[in-house]
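Open the structure in your viewer and keep the selection tool at hand. Each stop below says what to select and what is found there.

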Amino acid sequence: MPRASIYSLLKEHAVEASCFLLIFGLFFSRAILSISLVLMLLTAINSFYHHQKINPVKLKHYFFIGLYILILLSFWNTTDKAAWLNLLFKNSFLWLLPLVFMMAKTHHEASIQRLVLFFGFCGVFCISVDLLWILSHLQLYQEIITQGGNITSVLGPYHTELGLLYSFAFIALALSLLKQTKSFKKGIIATCLILLLIGLVVVAQRFTLISLWLTGLFFMCREIIINKNYKYLGYAFLLFLASIIVYQKVPAIKQKINSTKHDIINLVENKNPNYLSISQRWAANKCALEIIKSNIFMGVAPADLKQEMDHQYTHNSYWLIPQNRVFIHNQYLYYMASYGVIFSILIFLGGLIIILKELIHNFIFLAFVIPIILHMFTDNTMERQISGISVVFLLLLFTNFNIKTLSER
């Protein structure tokens, strides 16, 4: 191939290649993830330089840039300037990714389809390596499961962020399967889906399994109620039956459910919350609510929130010893504590409008939205590098992955 043709090919697909690198970085390397963001920006600037054309700027671009501006404006209310600078750097993806997709040449359908499928394959590879680790460390695996602990991924990020990535990966594969027309490729994708599901069950990835279960149930109920497609009653029955069988026959799932149930009972009966994940997070939420009550209009600034929570813990420990006094694990409460109720309502309304606009254009995208909404109840999703970048990237790009539901075919 002539040198000019190679250069032309690289130039034409440079942004897409950097997107592949970003997806790879989400699962396997924070360093590669950071490098990919810089490469995406450089390739987008180069694309704009050659085409001299800005893509249509949508509400979702303004929304994410607006979140970053809020962090900038919190400077006047911040006492810890070093933490504020760290937040600006850590959350730079909020302005960088929208800018990339405004300047870069618009991704065509085939490009988006490749990226969606690659996201799913990365999830399969990540959990496959974990399954190989389990096979070679069965005794240690059984000890972790017996204690109701989480399996640390060999290659992937921390389990709270990995749970969201696995949800996206499973949905990406499922949608790619619906989109695919060739039998051979369908077989490969279906095999990957089954392998990913087996892996999720074996490692007892609680968040992913719950979010996928609820997502599947929602779409089945929609088919039954809205489209009067009553064969989905059978699918719903099979889903419940499979869930019961998995609970009875898979020790990892049974132990995880029993540990969760014990944690919730302990919380309801107001017993010692130490070393219990749900109880500690609930205590952190109560701590955040006290801060919200004291700073209801303007908040305390995101850079000062940890300091304020530590201060609140000294007034009321919620029975937690110092090493178990965790930071807030709820994105909605995080915004209210950081920016006050008024700005938080504007953020929630903006996010809701964006989701509704995207769903009108492409309803099946709700499959991605449900895990995001659920994850924000269990973690400060947008404040973590991997989960935050994955959400912004997905909302900016994967919303253009058009596909018909089964009832629409």
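Start by selecting F24, F27, F28, F119, F125, F168, F365 and F368, which form one aromatic cluster. Rings of Phe, Tyr and Trp (its six-membered ring) pair if their centres lie within 6.5 Å; planes under 30 degrees apart count as stacked, over 60 as edge-to-face and the rest as tilted.

This is a predicted model, in which local features need pLDDT of at least 70 and side-chain atom pairs count only at pLDDT 80 or more, while totals for chains, interfaces and linings use all residues. Residues are numbered from 1 along each chain as its sequence is written, and side-chain values use heavy atoms, with hydrogens and water left out.

**Aromatic pairs**

Across the whole structure, a search finds 22 aromatic pairs. Select F218 and F219: their ring centres are 5.5 Å apart and their planes stand at 90°, so the pair is edge-to-face. F218 is partly exposed, at a relative accessible area of 36%, while F219 counts as buried at 15%. Here buried means under 20% relative accessible area, exposed over 50%, and partly exposed in between (1.4 Å probe, protein chains only).

Next, select Y313 and Y318. This aromatic pair is also edge-to-face, with 6.1 Å from centre to centre and 80° between the planes. Both Y313 and Y318 are buried.

**Charges over rings**

Now show K81 with F75: the charged end of K81 sits over the ring of F75, 4.9 Å from its centre. The term requires NZ of Lys or CZ of Arg within 6 Å of the ring centre and within 35 degrees of the ring normal. Then go to K254, which lies over the face of Y247 at 5.6 Å from the ring centre.

**Two helices**

Select α2 (residues 30-51) and α17 (residues 385-397). Helices are DSSP runs (H or I, at least four residues), numbered from the N terminus. The axes of α2 and α17 come within 11 Å and cross at roughly 35°; axes are lines fitted to C-alpha atoms over the stretch in contact, and angles run from 0 to 180 degrees between N-to-C directions.

Which residues meet between α2 and α17? From α2 they are R30, L33, S34, L37 and M40, and from α17 Q385, I386, I389 and F393, where contact means heavy atoms within 4.5 Å.

Finish at L33 in helix α2. L33 is buried, with a relative accessible area of 0%. Leaving aside residues up to four places away in sequence, L33 touches L22, G25, L26, Q385, I386 and I389.
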